[in-house]
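Open the model in your viewer and keep the selection tool ready. The stops below run from the whole chain down to single residues.

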Amino acid sequence: MMESPYALERELGMQYYSTDTPGIGGTLRTVPEDFIVDEIPLDRKGGASGPYLICRLTKSNWELQHAVKEIARRLNISHRRIGWAGTKDRNARTTQLISLYKVTPEEIARLHIKDISLEGIGQSNEQLSLGDLGGNRFEICIRDADPEELAGRVAAVTKTTAQALPNYFGLQRFGVIRPLTHRVGELILRGEYEQAVAVYVGQAFPLEREEIRNARTTFRETRDAAVALRELPVQMSFERSMLSYLQARPGDYAGALRQLPPKLLSMFVSAFQSYLFNYALSHRLAAGNTLADPVPGDRLIFANGRTDMATAANLAAVTLHLARGRCSIALFMPGRDEPGAPAGDEATRSMLADLRITPDDFRKASVFVQTKFDGAWRPIALRTTVDASVQDTGVSLRFTLPPGHYATTVCREYMKADPIKMV
């Protein structure tokens, strides 16, 4: 195990690598085809009848929320009539299913949007919801890797991926160019809606264009929505929707937040939950505990969602279950309903106490966002079989992950590079 040297990763709780093998460096996503994602659908979706048209969406260089909004605009429907099972990367070529309420195949066939294709594959009585997928298949190319002993370093990490990597939420969970979703979520939980808007609209980041940084800074310092509207580019539709609302209703920051698509708004709070998980996982590793060796008090999660606890009396049996893949050690992501006092989460409880955030704050956020923010257990270890190949200074990786697991978590273990090289 070795510690990440990158401030951004440490800020997001991703403090450790599982291997000590030197990183291969390189760059991800030189072109979208370097990062191919194919969603594995659940068999129960689709069919012959029902009000939901199930479509296969293939896109390149589109953030999902913006793609959905553009599809809805072209169809002249509310974006709330479109559902999906998983949020895919922007700088990638991705294929996934979406559901559209009371939209016909003929309407879909008439759509022509650059770098987006839609194919109707059936009807359903159910809308697709987050989590309605079997997983994702990835084909990834890392370019311009360090050539020194490249094949040997790739082989060493590939061996570890089948054993255990820290199951961190990846950078894209928090925003790639602007990694701030967890901070907005924290402010929503605290009921600080003005500050949440100020951060989302007004916090500038180095990778943004200068004129955008200037417009954001102006709004953050002045709260002048009219000036920011004039300066922000028209393609920044989410920020502009919020600013238009504030221009008409000055001071109603809660209402401004509600101008965002509900799923995007809910992602802020869930990103804060993800940040807490990353932080707790790094705290566990810093304490000298491993991903695979249980200690008394550890929670275990089984494939069917059942949880149990490791004790001094059952430690040998638990170790055997873990070795055979029957269960995983898990950490708790707090929410509005906590199943008792979760053991092994002292770091999380301490952070929440410092921030003065309680389950009641999650309950209030659930009402505000109209999304349930339940507490949940998440496995601390990611395991996958990687088919890796090396050609000159290029490395190709093929693997499959369950829902909610991040391909960049696998890639960072190989690369150990500045996270900006992975976006």
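Start with everything selected. Residues 24 or more positions apart account for 74% of the contacts in the protein with a separation of 6 or more; contact means heavy atoms within 4.5 Å. This is a predicted model, in which local features need pLDDT of at least 70 and side-chain atom pairs count only at pLDDT 80 or more, while totals for chains, interfaces and linings use all residues. Residues are numbered from 1 along each chain as its sequence is written, and side-chain values use heavy atoms, with hydrogens and water left out.

Switch to cartoon. The protein has 15 helices and 17 strands. These are DSSP runs numbered from the N terminus: helices are H or I with at least four residues, strands are E with at least two. The radius of gyration is 22 Å, close to the 22 Å from the globule rule for 423 residues, so the protein is as compact as a globular protein of that length. That radius is taken over C-alpha atoms, and the rule is 2.2 Å times the number of residues to the power 0.38. The C-alpha trace spans about 60 × 50 × 50 Å along its principal axes.

**Stop 1: helices 6 and 9**

Select residues 193-202 (helix 6) and 237-248 (helix 9). Their axes come within 10 Å and cross at roughly 135°. Axes are lines fitted to C-alpha atoms, for helices over the stretch in contact, and angles run from 0 to 180 degrees between N-to-C directions. Helix 6 is therefore oblique to helix 9. Angles under 35 degrees count as roughly parallel, over 145 as roughly antiparallel, 65 to 115 as roughly perpendicular and the rest as oblique.

Now show side chains. Helix 6 brings Val 197, Tyr 200 and Val 201 to the contact; helix 9 brings Phe 238, Glu 239, Met 242, Leu 243 and Leu 246.

**Stop 2: helices 11 and 13**

Select residues 262-286 (helix 11) and 346-355 (helix 13). They pack at an angle of about 130°, with axes 9 Å apart. That makes helix 11 oblique to helix 13. Helix 11 contributes Phe 272, Tyr 275, Leu 276, Tyr 279, Ala 280 and His 283. Facing them on helix 13 are Ala 347, Thr 348, Met 351, Leu 352 and Leu 355.

**Stop 3: His 79**

Where does His 79 lie? Look in the loop between helix 2 (64-75) and strand 6 (82-84). Leaving aside neighbours within four places in sequence, His 79 is in contact with Val 68, Ala 72, Pro 261 and Pro 262. Finish with a distance: C-alpha to C-alpha, His 79 and Val 197 are 22 Å apart in space, and 118 residues apart in sequence.
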